[in-house]
Every structure is written in structure tokens, then in C-alpha cells.
Amino acid sequence: MAYLGRLMVRPSRRKSKWLPTLTRLQRSFASEQEQKTVRVGCASGFWGDTPTAAPQLIHHGKLDFLMFDYLSEITMSLLTAARAKKPDLGYAPDFVLFALGPYLNEIKRKGIRVVSNAGGINPEACAAALRQASKKAGVELKVGVVSGDDLMVQREAALEGATPTHNICPASVHSLNAYLGAGPIARALDQGADVVVTGRCADSSMALGPLMHTFGWLGTDYDQLAAGSLAGHLIECGAQVTGGIFTDWHIVPDWHNIGFPIAEVDSSGRFVITKPAGTGGLISTGTVSEQLLYEIGDPRAYILPDVVCDFSRVQVQEVKDGVMVTGAKGSSPTDSYKVTATYMAGFKATAVCCVGGRRSGEKGRRTAEAILARSRTIFKTLGLPDFQRTHVQVLGAEDTYGPHASGGEGPREGVVWMSVQHQEKRALDLFAREIAAAGTGMAPGLTAIVGGRPKPSPLLKMQSLLVGKDTCQVTITTDEYSESFTGVTPDCVPASTYDLADQPTSKVHELPSGPNSYRLEELALTRSGDKGNSCNVGVVARHPALYPYLCQTLTSSAIAQYFAHVFPPGVDPLQYVKRYEVPGIHGLNFMLEESLGGGGVASLRSDPQGKAFAQMLLDFNFTNLPDLNSICS
């Protein structure tokens with residue numbers, strides 16, 4: 001059966017039959033909530049985030065709901081490998097052991113309800129571990145489970161119907177997971193779940209689900225769904241919106257006690273981003289605007305399972321307790337889920353060595369080249385093929401900056417990064433044995449192999465696909481309730497509906513000029529992140545009057561030229577760069593496709609997620625500008 005939005009049904013252990021009408025009860029419930037605000041906190045932005053966030057928010061956040069985000073493409077691959085070794089694994093055990101387990105009594109007493117994707121590829125096992133922990137703590141806890149994202153059992157059919165065209169062999173697939181939406185989470189909360197455990201879902205849906213449940217938002221309340229999704233998007237990465245990784249990091253106080261984010265949302269979708277009183281960090285229009293652009297594509301059509309969002313006209317305003325966010329718009333969802341496939345593509349090994357002394361960059365690169373050459377000689381002798389890929393850089397010598405490195409003799413110390421890919425694990429074992437020999441037979445100043453001899457590991461490539469929602473059978477279970485349905489709704493439209501044309505560069509009226517030059521950092525804030533093998537770089541003007549200068553100078557062509565060294569050799573970088581304007585926050589968003597050397601675990605680079613791209617762009621030089629004070633006055 002199709003999921004038709006916020007519908008009222010009787011509990012059943014059988015597949016539910018959804019009523020195709022909207023009841024007055026729902027609307028009256030929503031009306032009663034008109035004046036209420038809901039506080040949703042986020043205590044984890046990734047698997048490995050600090051366990052101090054949960055008690056901070058539980059004790060001081062005055063929360064209604066608490067979300068924990070653990071999953072990424074890399075994490076899904078790790079969890080798949082863990083479950084292959086032991087069937088009752090495949091979830092994030094930290095969630096049960098450290099994040100939630102010690103605070104079950106307090107959560108129950110305060111009435112805080114929890115949503116987490118800690119279930120990974122085994123949400124049922126995560127729920128079972130949580131029930132066991134609650135029993136041990138003497139807490140009666142109703143746990144809901146959302147499953148159906150894992151498509152491995154039906155991978156042949158799913159891959160056959162997926163778009164775009166691909167050449168992934170089903171037998172090589174390591175994991176195949178759909179990004180489910182907020183509707184099933186809301187439904188589990190409707191059935192009284194204290195904790196909802198999911199597998200893969202859109203990160204923002206862990207905030208949107210509680211808002212749909214509380215306010216009775218329907219599947220066609222597009223603007224509210226877009227606003228709730230934006231609230232989730234802003235807080236899902238934890239402290240990134242409260243001053244973490246902020247361009248102006250030097251003004252952010254008390255990193256050791258940084259406050260974790262809370263979205264306080266009303267029934268219209270208007271919300272304020274805030275944090276517990278007395279905590280460190282910073283919430284400003286700058287931190288919120290940076291995070292708004294983080295890891296999105298076209299801000300006019302940010303496609304999520306429940307709604308397609310337009311964030312281009314969103315506005316942010318500093319208020320007493322944080323930053324108010326308004327202006328998100330929504331439209332019909334598509335008939336497809338985003339699906340991430342990971343598949344085996346050989347093995348990789350990475351060696352990291354310290355090198356000291358003058359000309360350390362030159363010494364490091366020559367050492368790496370010699371190790372690779374010796375390895376190739378051994379391969380040829382044994383009849384092994386060559387490396388599939390190699391990557392060498394010297395950290396500290398600004399190799400990641402390409403042609404924008406400062407030059408000169410370089411630093412007097414550095415770190416050699418050598419990463420290689422080969423179709424056979426045996427070949428990489430041979431490569432690993434040659435690293436230590438460089439300490440006596442090659443450049444002087446090699447001091448240590450960081451982490452010891454490198455160990456070959458499977459190299460998993462990622463590919464994002466679209467699979468019809470009717471392919472996925474979503475299941476919701478609680479202690480006494482179960483139902484299944486697909487995510488198809490009557491208003492779903494083909495994904496191609498939102499294949500918007502590239503946004504043309506806005507016409508900028510002739511701007512005053514002058515004799516001054518400025519680095520981008522003096523004009524704007526930046527933030528970058530990954531989407532598979534692509535990187536997005538967001539740029540936000542420090543003052544509205546500077547925005548026209550950004551639009552005039554930071555063209556797709558200028559960005560393609562600046563980052564030409566990160567794209568595959570021999571291609572025209574301009575073909576891989578898209579620029580989008582975000583006038584609501586005086587920002588620009590750039591998508592650099594195919595720029596991460598494979599991305600995630602498939603990349604051989606030291607920065608496989610493009611986190612440093614925004615930092616590199618801060619050195620972009622603007623010329624012939626008037627004095628900044630005159631522009632901004």
C-alpha cells in the first residue's frame with residue numbers, strides 16, 4: 001500500500017490498509033498545536049562524535065525530541081563488513097552503550113523521545129540491544145523500528161531498474177541502501193514509540209518526523225515539510241552549526257564545551273537555532289548560513305524523500321536566543337528514492353611517513369617515487385600487473401593547493417602520504433614491505449612510519465542511483481504493532497521534473513572599482529563538504545553589499561580554473577562545475593563534480609571528502625576593488 005501522509009489507522013500486526021482520506025481529527029489535533037513550539041536537539045553528527053553531547057542536551061536542553069545521526073556512505077560500508085563477520089552486529093553500538101544507555105532513566109523521566117539512524121544495516125539488532133539495556137536499567141521503553149532501506153536481498157531487480165545507466169555487477173555489491181523519509185518515523189511516534197531506530201534515511205528526516213507527528217503536518221504541507229527538513233539539515237551535523245569548523249574559528253569560544261544544536265520550531269515551520277545556556281560555541285547568521293550550504297546541490301531543488309525544497313530565498317536573522325530561519329519553500333516529492341551502492345573495486349593501502357630537514361617536500365616526493373618504482377620492479381618479476389592508481393602528496397608542502405602553493409624551498413618538515421590501489425591484495429603486501437627500507441636507503445630525515453606498516457584493505461567505490469519508491473517495502477514495528485507500505489504517494493512526480501537548467505549568472509550592474517586587492521576570506525565565509533565523488537563549496541558574503549562582487553568574480557569558469565588540479569587529468573574542468581545563487585543569505589553554492597578522486601573510501605587522497613576545498617578558496621584574490629569600508633558603509 002502507498003504511504004498517503006498523516007493518516008489514522010487501527011493498530012495491526014498485519015499489513016495496514018491506509019485510509020485515502022484526511023480526518024478532521026488530525027486537523028483538529030494540529031489546530032490545538034498552533035501555538036506550541038517543539039525543541040529538537042541533535043547529539044551526534046557522525047559515528048564517533050563526542051559522548052558528552054547527549055548529557056548536555058538531556059540535562060540542559062529542555063527538549064521534546066533528541067536525534068542522533070551516525071551514518072555516512074563510509075559508515076554503511078563498515079557496518080556491512082561488521083555484520084558479515086557477526087550477524088548480530090551491523091549497527092552503531094555506541095548509541096546503546098554510551099550515548100543513550102547511561103541516560104535512559106533521565107530521558108524517560110523528562111519525556112524526551114529519541115530518533116536515531118544508529119540501526120545501520122541491522123536496526124532490529126540495535127532495537128534488541130536497546131530493549132535489553134532498558135530492561136537492565138529498569139526503564140519501560142517502547143522501541144519502534146523502521147526498516148526497508150536495505151535492498152541487498154533484491155539487489156538484482158533494484159539495480160536493473162535504477163537510473164542513471166551504470167555497469168555495477170550485482171555480485172560485487174557490498175551494500176545497497178535507500179534513503180527513506182520522515183513519514184515512517186512520524187508513524188512510529190504516532191504509535192507511542194519512545195525511541196525510533198532506523199536504518200538509512202535522509203538525515204534531516206530524523207527532525208522532520210517528530211515535527212510531522214507533533215503538528216499533524218500532512219504529506220502535502222510542502223512548505224512546512226521544507227522548513228522542517230531545513231531545521232533537520234542545519235542540526236544534523238551537530239556542532240557544525242554552533243561554531244564548529246566555522247571560517248572565523250578564532251572568535252568561537254570554549255571548543256571544549258561547545259553547545260550542541262537545538263531547533264525550536266513552531267507549527268508554521270518558522271524556527272530558531274539555539275543551544276543550551278552556558279555552553280561554548282557560537283550561533284550567528286554566519287554559522288547558520290555556512291551550514292545551510294553544506295553538502296547540498298541545487299538550493300532551488302534540494303530533493304528529499306518527503307519533499308523537494310527550495311532554500312534559495314531562505315533568510316536568517318539573529319534573535320535573542322539564537323538565529324531565526326524563515327522562507328523555505330517546498331513542492332511535490334519525486335517517485336524515486338536516492339540509493340547508494342558500494343561495490344568492490346580491488347584493494348588499497350596507505351603509507352604515512354614523517355620527514356624532516358630542509359627541502360622536505362622534495363625529499364618526500366622522491367622517496368615515494370622510488371618506493372613505487374621498486375614495487376613495480378617486484379610486480380614485474382612476479383608477473384603481477386601494475387598499480388591501478390597511485391597518489392603521492394607531502395602534507396606541509398602545500399601539495400593539496402596545486403598551483404596555488406606558496407612555493408620557495410618549502411617547509412623543513414612534512415608528512416609523506418602514499419596511497420595506492422591494486423586489484424590483488426598480495427601486491428599491496430609487497431608494496432607495504434618496501435616502506436621501512438626507505439629509512440636506510442633513500443632520503444635523510446625519514447623519522448617514522450605513522451601507524452606502522454600499512455595494511456591493505458578492500459577498496460569500495462560508491463555510486464548514487466535512483467530507484468523507484470515502489471521497489472522499497474518500508475516496515476514499521478513496535479512492541480505490539482506492525483505495518484508495511486511503499487513510499488509512493490499520489491502527488492509523486494518523476495525525478496526528471498526537477499532537472500533544472502543550470503542557473504545563469506545574474507546580471508550585475510557595473511560596480512564601483514578601485515585600487516585594492518583582497519583575499520576572499522576578507523569578503524566572505526566558506527564551507528565545503530562531499531556528495532560521493534563530488535564536492536560542494538558554499539560562499540556567503542560577509543555583508544550584503546559585497547554579494548554583487550562575489551557574483552561578478554566567482555564565476556563557474558573562475559572556480560573551474562582555480563580548482564583545475566583536483567579534477568581527473570585531461571578533462572575540461574568547466575564541464576564539472578555548476579554554480580547556484582542563494583540570494584536569501586547572499587551566498588553562492590558551487591558543485592565540483594568528480595573532484596574527490598573517487599570520494600570516501602574509494603579516494604586515495606588525504607582529504608577524500610573535500611573538507612579543505614573551502615579553506616583553499618579563501619586565498620582566491622579579488623582585484624580592482626574599492627575600499628571595503630566604502631562598499632559596506
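This report describes strands, a helix, nonpolar cores and a few single residues of one predicted model.

Residues are numbered from 1 along each chain as its sequence is written, and side-chain values use heavy atoms, with hydrogens and water left out. Because the model is predicted, local features need pLDDT of at least 70 and side-chain atom pairs count only at pLDDT 80 or more, while totals for chains, interfaces and linings use all residues.

**Strands and sheets**

Helices (H or I, at least four residues) and strands (E, at least two) are DSSP runs numbered from the N terminus, and two strands pair if DSSP finds at least two bridges between them. Strands of a sheet pair through backbone hydrogen bonds, either parallel or antiparallel.

An open sheet is formed by 4 strands in the order 22-23-25-24, with antiparallel pairing. Strand 22 (524–531) and strand 24 (577–582) stand at its edges with a single partner strand each, so one side of each is left without a neighbour in the sheet. On average, and with direction ignored, neighbouring strands of this sheet are turned by 15 degrees against each other; axes here are lines fitted to C-alpha atoms, for helices over the stretch in contact, and angles run from 0 to 180 degrees between N-to-C directions. Inside the sheet, strand 23 (residues 534–541) and strand 25 (residues 587–592) run antiparallel and are joined by 6 bridges, and Gly538 has Asn589 of strand 25 as its bridge partner. Helix 11 (residues 285–292) packs on the sheet, where it touches strand 22 and strand 23, and its direction makes about 30 degrees with that of strand 22; contact means heavy atoms within 4.5 Å.

Elsewhere, strand 16 is paired with strand 14 in the antiparallel sense over 10 bridges, and 7 bridges join strand 16 to strand 15, again with antiparallel direction. Val355 stands opposite Gly414 of strand 16, while Leu395 has Val415 of strand 16 as its bridge partner.

The 13 residues of helix 3 (residues 73–85) should span 18 Å at 1.5 Å a residue, and the end C-alpha atoms are 19 Å apart, which agrees; the expected span is 1.5 Å times one less than the number of residues. Glu73, Thr75, Met76, Ser77, Leu79 and Thr80 are the buried residues of helix 3, and their cover includes strand 5 (173–178), strand 14 (336–356) and strand 18 (457–468).

In soluble globular proteins, nonpolar side chains tend to be buried together. A nonpolar core is a set of buried Ala, Val, Leu, Ile, Met, Phe, Trp, Tyr and Cys residues joined through side-chain atoms within 4.5 Å. The largest such core has 77 residues, of which Leu176, Leu230, Leu234, Ile273, Val288 and Val325 touch the most other members, and helix 10 (residues 222–235) gives the largest share, 8 residues. Not counting residues up to four places away in sequence, Leu230 touches Phe271, Leu292, Phe311, Val314, Val325 and Ala328. Apart from this core lies another, of 41 residues, among them Leu71, Ala99, Phe260 and Ile262.

| Residue | Relative accessible area | Class |
|---|---|---|
| Arg39 | 17% | buried |
| Asp399 | 25% | partly exposed |
| His59 | 38% | partly exposed |

Arg39 is found in strand 1 (residues 37–42). A polar contact is a pair of N or O atoms within 3.5 Å; within protein, one must be able to donate a hydrogen and the other to accept it, and residues adjacent in sequence count only if both atoms are side-chain atoms. The side chains of Arg39 and Glu264 are joined by a polar contact of 3.1 Å, and a polar atom of the Arg39 side chain lies 3.1 Å from the backbone oxygen of Lys62.

Asp399 lies in the loop between strand 15 (389–395) and strand 16 (413–422). Its side chain makes a polar contact of 2.7 Å with the side chain of Arg365, and, leaving aside neighbours within four places in sequence, Asp399 is in contact with Arg365, Gln393 and Val394.

His59 is found in helix 2 (residues 53–60) and touches Glu106 and Lys110, not counting residues up to four places away in sequence.

Methods. Buried < 20%, exposed > 50% of the residue type's maximum accessible area, 1.4 Å probe, protein only.
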